Structure formats: structure tokens, C-alpha cells
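Colleague: I'm new to this one. Could you walk me through it with a few questions and answers?

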Amino acid sequence: RVEASDPTAVALGYVHDASQVDEATRGDASNICLTCRFYSDLTAAEWGPCVLFPGKSVAAKGWCRTWAVRPS
Ligand code: SF4
């Protein structure tokens, strides 16, 4: 699991709990790692892989500034 203190996490404003970030910054409440195009294993319901954090897991309910909608 990625640590909140991880340099990449800090640089991207990553948090384990997206609700800590106000919606003016984050956008829609559904903008969490689980719905992000960079979250690469949708079967990972709690912690899963993110392309930006190779070898580490991010929280499904997390968020960072790089969040981007997954193409449908
Ligand atoms: Fe979460 Fe997406 Fe940021 Fe990765 S890029 S930490 S999946 S919001």
C-alpha cells in the first residue's frame, strides 16, 4: 500500500479517503480511485493497483489530482 507520505503521493495530492478533499477541488463525489482510468484492476474493491504507483496499491476510495474518467 502506498503511504500518504510517499513522495509521489504528496506530489499528486493523494489521499486514502477522497472525502477529505472538498468537491470544489475533486469534482463529483464519485471521483475516486475506483472510477479512475488509472486504477487498473476493477476486481480490487478496497486496495488496488494504480498505473502511477507501480508496485503499490492505492485505496479504492482514495483520490489524487491526476484522477481522470475511465473511457466507457
Ligand atoms: Fe487514484 Fe487515479 Fe490518482 Fe491513481 S491516478 S491515485 S487511481 S485518482
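Colleague: Which side chains meet in a salt bridge, and at what N to O distance?

Modeller: Keep in mind that this is a predicted model. A search of the whole structure turns up one salt bridge. Its partners are the side chains of Asp6 and Lys56, and the N to O distance is 2.6 Å.

Colleague: How many residues apart in sequence are the parts that this pair ties together?

Modeller: Asp6 sits in the segment before α1 (7-12), while Lys56 belongs to the loop between β1 (47-49) and β2 (57-59). The pair therefore ties together parts whose separation in sequence is 50 residues.

Colleague: Is Asp6 buried or exposed?

Modeller: Buried means under 20% relative accessible area. Lys56 has 35%, so Lys56 is partly exposed. Asp6 has a relative accessible area of 11%, so Asp6 is buried.

Colleague: On to the ligand: what is the volume of the largest cavity?

Modeller: The space that the ligand takes is the largest cavity. Counting cavities of 30 Å³ or more gives one. The volume of the largest cavity is about 100 Å³.

Colleague: Which lining residues lie nearest the centre of the largest cavity?

Modeller: By class, its lining has twelve nonpolar, one polar and no charged residues. Of the 13 lining residues, those nearest the centre are Cys33, Cys36, Phe38, Cys50 and Cys64.

Colleague: And how many residues of the shell around the ligand are nonpolar?

Modeller: The residues around the ligand are Tyr14, Cys33, Cys36, Phe38, Tyr39, Cys50, Phe53, Cys64 and Trp67. Tyr, Cys, Phe and Trp count as nonpolar. The shell has no polar and no charged residues, and the nonpolar ones number nine.

Notes:
Residues are numbered from 1 along each chain as its sequence is written. This is a predicted model: local features need pLDDT of at least 70, side-chain atom pairs count only at pLDDT 80 or more; totals for chains, interfaces and linings use all residues. Side-chain values use heavy atoms; hydrogens and water are left out. A residue is near a molecule or strand if one of its heavy atoms lies within 4 Å of it. On a 1 Å grid over the protein atoms alone, a cavity is a set of points where a 1.4 Å probe fits but cannot get out, and a pocket is an open set with protein on both sides within 12 Å along at least five of seven lines; lining residues have an atom within 4 Å of a point. A molecule sits in a cavity or pocket if more than half of its atoms lie within 2 Å of its grid points. Grid points are joined across faces, edges and corners, and a volume is the space filled by probe spheres set on the points. A salt bridge is a side-chain nitrogen of Lys or Arg within 4 Å of a carboxyl oxygen of Asp or Glu. Helices (H or I, at least four residues) and strands (E, at least two) are DSSP runs, numbered from the N terminus. Buried means under 20% relative accessible area, exposed over 50%, partly exposed in between (1.4 Å probe, protein chains only).
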